[in-house]
Amino acid sequence: MYCSTCGNKIADDARFCSRCGAPVAGADGAGAPDTGAAPGIQSNGDLGSQVKRARRLSFSRLTPTMLGLLIAFFVCATVAVAAVLFYVTVYLPSQQQAQEQQAEQAVEPEDEGDETEAAVFDAKLAQYQEALRAGWNVSAGDADEDVAGVAGLFNNGTAANAVGDEEASWTPSYAVEDVNGDGHSELIVALVGPDDDYRPLAVYATDGTSVSTVAADFSSASPTTITLCTDGTVELSQTGQTGSEVIMDVENGEPVELTHFKWGLSQGDLTWRLYERGQLVEEGEAGGLDEVFEHMPEIDTTPYEGLDWQPLSSFKASDADDAGADDADAGEQRSFATSAFSFEIPEEWVGRVRVEVDGTNATIYAADYPSRALVKLNYVSSSAGGGTDMSGVTFRTDDLGNGMIVLAYGDNWAYVFASAELGGSSPRGGAPSEGEAEELVELQSLGAVSYAEVLASMRETGYVNPDPDILKKTAAGISAESFNIQLL
């Protein structure tokens, strides 16, 4: 039989349940005999009460498990919600802020570094600008050896790599850019022609504090070229029976010779050698230049493109104060002043010239052709002498009231260019382009005569004795009346 309390199977003669200890109904004659009904259900009594009793019994057994599961569910849900809130409101914003700070830190030093490195090149660019304004007539005593060497390309007509007539009309320019991606800027000085075609004259590197020469073109008896390659390396090529090809790169701001292939005659034999980073790696003999070139390393010398060229004439030191700069493109400006006197430029010059003020003096250049001065205005003593022959232009003001005058002088470019062309020589600074000759003559003459007219007249009369009336017209714009000079 079974216990009516917990349903445990017990012996027929048991008085108490061996599991729960409840008294057995009918023991000692009490209650009705067991009928063998299913555990937990009495054979007598109300059916509804028996069902309720069975449900209570089941609930009492499942409640601890269910409760545990519910508690675990709520705990997990609470933790999940808290984690989401933490991620959205705390972690994600902090990560975004950190990334923004890192981005700012990554960009700002680079910008500052670019500006600093550009400033390192200022002294070198200033020398080139002075050489340009001097018509490239400088020597090693006036400038660094590399600058003087480059200047020699403009005045040494016998050099195989001299600047030719076409290139002489190109604009002397410069660009500062990290062309090889080493994290440091390079300075490229070049002549820039139509469609951004350019001839490199020199390339410089910096480590942020000092400047090193990567390559500079010098006057040479052998054809020499410098090529800034598309990968940022620099090729120096010198061809001939004796020659070389050098590939330079810049690493951490310092020039590095990657390869050096050279050839020449040695005891009557044509020999060649290949160096890599200064170490000889291969050498041999050849029967001719064609055979020599078979051993030359194959290198992509496609020119670098996309440089941001700036005219050398407009260079201004990086720390110059724009508001107080001494140099000025005239633009629509007509009135200027030195520290001693004010002056006006002719109305015909407005927008076509560049004025450079240096203390008490001033020099005026054609804006499009800044290598040759139109006129220089010097503040000097009234007792100072002055004058010129027909190759120059000049005037002097009356005493300004303090014992000082302004003495103006310059080259008469109409006469200088025409006499050189007719005489088969080259003027100072090299032969001008047709456009340069026309512009300078038109500015100095205020349009009274053209270069073509001067050239025709001097060809007819003999360039030694030009027509006086034509010569007078060439300097019509260089007079005291044209400049309205006043003491400050």
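Glu245 belongs to strand E7, which spans residues 243-251. In this predicted model, Glu245 has a relative accessible area of 9%, and the residue counts as buried because that value lies under 20%.

**Surroundings of Glu245**
- Leaving aside residues up to four places away in sequence, Glu245 touches Glu235 and Leu236, as well as Thr259, His260, Phe261 and Trp263.
- Met296, Pro297 and Ile299 are also among the residues that Glu245 touches.
- Trp263, one of these contacts, is 18 residues from Glu245 in sequence, and the two C-alpha atoms are 9.2 Å apart in space.

**Helix H8**
- Helix H8 covers residues 451-461, and its buried residues are Tyr451, Val454, Leu455, Ser457 and Met458.
- Viewed down the axis of H8, these buried residues fall within an arc of 165°, so they line one face of the helix.
- Arg459 and Glu460, on the other side of H8, are exposed.
- The cover over the buried residues of H8 includes three further helices: H6 (413-423), H7 (434-445) and H9 (468-474).

**The largest pocket**
- The volume of the largest pocket is about 410 Å³.
- Its lining consists of 28 residues, and those nearest the centre of the pocket are Leu132, Gly135, Pro370, Ser371 and Arg372.
- Strand E17 (369-381) is one of the elements that supply at least two lining residues, and E17 gives the largest share, with 8 residues.
- Helix H2 (122-133), strand E1 (171-177) and strand E19 (404-411) likewise each contribute at least two residues to the lining.
- Sorted by class, the lining comprises 15 nonpolar, 6 polar and 7 charged residues.

**The chain as a whole**
- The protein chain contains 10 helices and 20 strands.
- It has 488 residues, of which 38% count as buried.
- The chain exposes about 26300 Å², and carbon and sulfur atoms supply 50% of that area.
- Among contacts between residues at least 6 apart in sequence, 49% join residues at least 24 apart.

How values were computed: Residues are numbered from 1 along each chain as its sequence is written. This is a predicted model: local features need pLDDT of at least 70, side-chain atom pairs count only at pLDDT 80 or more; totals for chains, interfaces and linings use all residues. Side-chain values use heavy atoms; hydrogens and water are left out. Helices (H or I, at least four residues) and strands (E, at least two) are DSSP runs, numbered from the N terminus. Buried means under 20% relative accessible area, exposed over 50%, partly exposed in between (1.4 Å probe, protein chains only). Contact means heavy atoms within 4.5 Å. Accessible areas come from the Shrake-Rupley method with a 1.4 Å probe; for residues, only the protein chains shown count as cover. On a 1 Å grid over the protein atoms alone, a cavity is a set of points where a 1.4 Å probe fits but cannot get out, and a pocket is an open set with protein on both sides within 12 Å along at least five of seven lines; lining residues have an atom within 4 Å of a point. Grid points are joined across faces, edges and corners, and a volume is the space filled by probe spheres set on the points. Ala, Val, Leu, Ile, Met, Phe, Trp, Tyr, Cys and Pro count as nonpolar, Asp, Glu, Lys and Arg as charged, and the others, Gly among them, as polar. The arc is that of the directions from the helix axis to the C-beta atoms.
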